[in-house]
Amino acid sequence: MIPKMENIAGSKELRNKILFTFAMLIVYRLGIHIPVPGINGQAVADFFANAQNTLFGLFDMFSGGGLSRLSVFALGIMPYISASIILQLLVVVSPELERLKKEEGEAGRKKITQYTRYLTVLITLVQGTGIAFGLQKMTSPTGVAVVPDPGVVFIFTTVITLTTGTVFIMWLGEQITSRGIA
């Protein structure tokens, strides 16, 4: 074990990759604490404290705690994973996508990756809209509204914030893959 650790410490490239990966994970963990604008943080905390062993608690676990804080990263990377699965299934049934994957090689793979990104944004827009409408109706167990000032501005802001957060997480993941430990 000790020789392996010395090997890591001796390799500048590996050390830089590890440090870069840790730095990106720290950026992610900091982003979890930035709330979506227009919500009552205490009402959200009360709601999730009461719903800990429910489906909301499970979703919160998958978002790394971002959902219970209603952070800009509340959706996590799940829309990207969903988009990736959908595209992989479409490659099997669509002759055009199958051709892209098999015949185009690296260029085809890049094109499918681009389609995955677009589908991720679409899924995030739909999920963000659903969350924004749902948040307007939520109250804490004490009856305090989660969204003190509901309306079109809140919905628009929430959808854009959640979509931007998910796209940023997707970008962080790509950076870790290309420059960190993958």
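Which residues make the nonpolar surface patch of about 420 Å²? They are Ile-77, Met-78, Ile-81, Ile-85 and Leu-89. Before going on, note that this is a predicted model. Take Leu-89, which sits in helix α5. Leu-89 counts as exposed because its relative accessibility is 57%, and the cut-off for exposed is over 50%.

Next, the second largest pocket. Its volume is about 240 Å³. Two elements give two or more residues to the lining: α5, residues 78–93, and α7, residues 106–137. Helix α5 gives the most, with 6 residues. By type, the lining divides into 5 nonpolar, 4 polar and 2 charged residues. Among the lining residues are Tyr-80, Leu-87, Lys-101 and Arg-109.

Arg-109 brings us to salt bridges. The count is 5, and I will go through some of them.

Arg-109 pairs with Glu-106, at 2.4 Å from N to O. These two are 3 residues apart in helix α7, so about one helical turn separates them. Arg-109 is partly exposed at 45% relative accessible area, and Glu-106 is partly exposed at 44%.

Glu-13 and Lys-17 form another salt bridge, with the closest N and O atoms 4.0 Å apart. Both lie in helix α2, 4 residues apart, again about one turn. Here Glu-13 is exposed at 57%, while Lys-17 is partly exposed at 28%.

Last, Arg-117 bridges to Glu-174, with the closest N and O atoms 2.8 Å apart. This pair links distant parts of the chain: Arg-117 is in helix α7 and Glu-174 in helix α8, 57 residues apart. Arg-117 is partly exposed, at 26%, and Glu-174 is also partly exposed, at 26%.

Definitions and conventions. Residues numbered from 1 in each chain as written. Predicted model: local features only at pLDDT ≥ 70, side-chain atom pairs only at ≥ 80, totals over all residues. Heavy atoms only, no water. 1 Å grid on protein atoms, 1.4 Å probe; cavity = no way out; pocket = protein on both sides within 12 Å on 5 of 7 lines; lining within 4 Å. Points joined across faces, edges and corners; volume = space filled by probe spheres on them. Nonpolar A, V, L, I, M, F, W, Y, C, P; charged D, E, K, R; others polar. Patch = residues over 30% accessible without salt bridge, like charges linked within 9 Å, V, L, I, M, F, W, Y side chains within 5 Å. Areas by Shrake-Rupley, 256 points an atom, 1.4 Å probe, with all protein chains shown as cover. Salt bridge = Lys/Arg side-chain N within 4 Å of Asp/Glu carboxyl O. Buried < 20%, exposed > 50% of the residue type's maximum accessible area, 1.4 Å probe, protein only.
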